[in-house]
Amino acid sequence: MSSILSRLVDLINKVKSQPITNQEKDEMKGALLDRIGCGLVAKRLGLGQVVSSYVERGQCTGDSTIWGTDTRTQAHLAALMNGASSSHIEYDSHDSMIPALLALGEQHGASGELILQSIKVGYFTGVALRKLLAPNVEKRGLHWPAYTAAFISSAACSNLHGLTSDETANAIAIAASLSPAAPFESFTGGASVKDMYGGWGNMLGVQSAQLSKLGMTGPGSLFEGERGLFRNWLNGDPDEGVVDSALDLGPVEMMFHIKPFPSCTSAHPTLSAIEKMLAENSGLCPDGIERVEVDTYRFGVDLSDESDPDTPIGAKVN
């Protein structure tokens with residue numbers, strides 16, 4: 001294992017050794033209900049039919065449920081379907097390991113306690129990876145939640161699957177090697193493949209853990225190799241302090257973000273401000289507003305300018 005990858009696995013082992021607090025259980029309960037609810041709403045609206053057809057035509061039987069149906073299929077396909085459908089209405093938060101864990105958990109008959117511990121592993125893996133990679137992934141016009149989802153879900157599924165430290169490292173490295181680039185163009189352009197961003201990483205997480213258990217290996221020099229992730233995203237190794245901050249986590253309070261609006265989070269500050277303005281001015285109606293001036297961060301402005309509001313998906317980032 002490379003030093004960065006081994007330190008990430010050390011962090012995972014530290015998280016596994018800690019008891020789950022009542023506050024963490026409450027947070028994870030909310031995240032689970034939120035993600036499943038988003039998936040059930042999408043099924044009720046008849047969304048995700050393309051992915052459903054893709055999965056059903058494969059006629060793969062298994063133990064994992066496609067949410068909102070009586071259909072059971074293999075774990076990786078259920079993770080793909082449930083992850084995609086639950087991200088469609090854009091109400092889901094970045095709890096990207098939940099569809100994968102529920103699918104794999106059904107297959108293995110996992111206990112609720114093990115699923116919660118695995119969500120916790122995925123959560124803290126995500127905290128570390130976002131510090132290491134997310135800002136630079138985003139700067140290149142890529143959708144960082146979709147890019148890092150496979151890393152996060154592979155770590156979580158490795159815990160549920162009972163993998164050793166070496167196997168967990170390999171699972172993460174396999175997932176990283178297969179992760180999609182996930183260009184933001186699909187979101188702003190309103191292409192329906194954007195729904196797959198919520199499912200593909202979950203599917204890869206399941207597959208990576210399963211492949212590692214069977215003996216497949218990933219690159220040990222994943223992060224700092226000459227052709228590793230740091231060279232790709234950072235043009236070299238990051239500052240040592242950044243690495244220490246990401247991997248030597250101090251007390252971090254688990255907090256899953258439950259979206260107040262069905263849109264990209266870049267639009268939430270503006271929507272919150274408008275909601276507050278309407279609440280504080282009871283006589284105000286949309287027809288009486290001549291213009292709205294928004295002062296927000298650069299990335300949010302760029303996404304809004306580039307988005308296609310005439311498509312259901314593009315409108316969610318406008």
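1. Two rings of Phe, Tyr or Trp (its six-membered ring) are taken as a pair if their centres lie within 6.5 Å. Planes under 30 degrees apart count as stacked, over 60 as edge-to-face, and the rest as tilted. The model is predicted. By this rule it holds four aromatic pairs.

2. One of these pairs is Tyr 123 with Phe 124: the ring centres are 5.3 Å apart and the planes stand at 75°, so the pair is edge-to-face. Tyr 123 has a relative accessibility of 11% and counts as buried. Phe 124, at 6%, is buried as well. Tyr 123 and Phe 124 form one aromatic cluster with Phe 256.

3. Tyr 147 and Phe 151 make a tilted pair, with 5.5 Å from centre to centre and 50° between the planes. Both residues belong to helix α8, where they are four residues apart, about one turn of the helix. Tyr 147 is buried at 5% relative accessibility, and Phe 151 is buried at 0%.

4. How many of the 11 residues of helix α5 are buried? The count is eight, so with under 20% relative accessible area as the cut-off, the helix (residues 98-108) is mostly covered. Among the buried residues are Ile 98, Pro 99, Leu 101 and Gly 105.

5. Which elements do the buried residues of α5 pack against? They are α2 (22-44), β1 (64-65), α4 (75-88), α6 (112-132), α8 (144-160) and α11 (197-213). Helix α8 also carries Tyr 147 and Phe 151.

6. After α5 comes Gly 109, which has a positive phi, near 65°.

Technical notes
Residues numbered from 1 in each chain as written. Predicted model: local features only at pLDDT ≥ 70, side-chain atom pairs only at ≥ 80, totals over all residues. Heavy atoms only, no water. Buried < 20%, exposed > 50% of the residue type's maximum accessible area, 1.4 Å probe, protein only. Helix = DSSP H or I, 4+ residues; strand = E, 2+ residues; numbered from the N terminus. Contact = heavy atoms within 4.5 Å.
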